[in-house]
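My notes follow, in the order I looked things up.

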Amino acid sequence: ATPACAATPAAAAHTFPDGTTRRTLATHSLPGAGGVQPLAPAEGECAAFERAAAPFRALVAAATNLFAERLSSSLRARAPLLVAEDGTEFNSLHDVSTAGEHLEHFHAYTRATPSSHGPASPPTIDLHTDQGIFIAFTPALMVSATGEPDAAADAGRFEVGLADGSRAEAHFDPDSLVFLLGDGIHQVLP
């Protein structure tokens, strides 16, 4: 999210114990005719952000659809994979993904004291597993207060927990879209 839009009342704010503040613009996409839902309220700086984000959101939606399709074809899951409360059956992860609501969050992080966050500093957000079936995200894009990309700024580290309890730092191409399975995968797969 642009710094100006993230600073509006439309963004929810949370400050972590290390002093880092996360401002979140939340929206979602609905299946079928519902489609992409706008940010609320989308006025001023947020309207400009929404216009700029529209092609990105469409690209992420297309990539998510392809990911769910490929993941479905590679899994040997029982059918029906999931049955909704109304009795609707979903036979694949792709079916679940295309019929489900997709939550979309745009985060902007600011640090109270940038110099205090070195390699030995505790993480702002510790290891955790998202609750959904999977998540798609882009690597952090550091921007200046005016919203211009700042390649020299430190985006911090992204670590994953390994089965042996150790951690490994992940490095991403800045133009990548990353998919991680969440805890929800255990609810739909045996």
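**Helix 2.** I began with helix 2 (residues 45-74): its 30 residues at 1.5 Å each should span 44 Å, and the end C-alpha atoms are 42 Å apart, so the two agree. The expected span here is 1.5 Å times one less than the number of residues. Helices (H or I, at least four residues) and strands (E, at least two) are DSSP runs, numbered from the N terminus.

I then looked for a bend and found a kink of about 40° at alanine 53, shortly before proline 55. The bend at a residue is the angle between axes fitted to the seven residues ending there and the seven starting there. Ala53 is also listed among the buried residues of helix 2, which include Cys46, Phe49, Arg57 and Leu71. Buried means under 20% relative accessible area, exposed over 50%, and partly exposed in between (1.4 Å probe, protein chains only).

**Ground rules.** I noted that this is a predicted model, where local features need pLDDT of at least 70 and side-chain atom pairs count only at pLDDT 80 or more, while totals for chains, interfaces and linings use all residues. Residues are numbered from 1 along each chain as its sequence is written, and side-chain values use heavy atoms, with hydrogens and water left out.

**The whole chain.** I counted four helices and 10 strands, in the order α-β-β-β-α-β-β-α-β-β-β-β-β-α from the N terminus. The C-alpha atoms fill a box of roughly 55 × 45 × 30 Å along the principal axes. Of the 190 residues, 23% are buried. The chain exposes about 12,300 Å², with 56% supplied by carbon and sulfur atoms; these areas come from the Shrake-Rupley method with a 1.4 Å probe, and for residues only the protein chains shown count as cover.

**Aromatic rings.** How many aromatic pairs does the structure hold? I found eight. One of them, phenylalanine 137 with phenylalanine 172, is edge-to-face, at 5.8 Å centre to centre and 85° between the planes. Phenylalanine 137 sits in strand 7 (residues 134-137) and phenylalanine 172 in the loop between strand 9 and strand 10 (178-181), so this pair ties together parts 35 residues apart in sequence. The rule is that rings of Phe, Tyr and Trp (its six-membered ring) pair if their centres lie within 6.5 Å; planes under 30 degrees apart are stacked, over 60 edge-to-face, and the rest tilted.

Phenylalanine 137 counts as buried at 19% relative accessibility, while phenylalanine 172, at 30%, counts as partly exposed. I also noted an aromatic cluster of Phe49, Phe56 and Phe106.

Strand 8 (residues 158-161) and strand 9 (residues 167-170) run antiparallel, joined by four bridges; strands pair if DSSP finds at least two bridges between them. Glutamate 159 has glutamate 169 in strand 9 as its bridge partner. Five residues lie between the strands, and glycine 165 takes a positive phi near 95° in this hairpin.

Glycine 161, in strand 8, is partly exposed at 49% relative accessibility. Not counting residues up to four places away, glycine 161 touches Leu127 and Ser166, where contact means heavy atoms within 4.5 Å.

Proline 80 lies in the loop between helix 2 and strand 4 (82-83). Most peptide bonds are trans.
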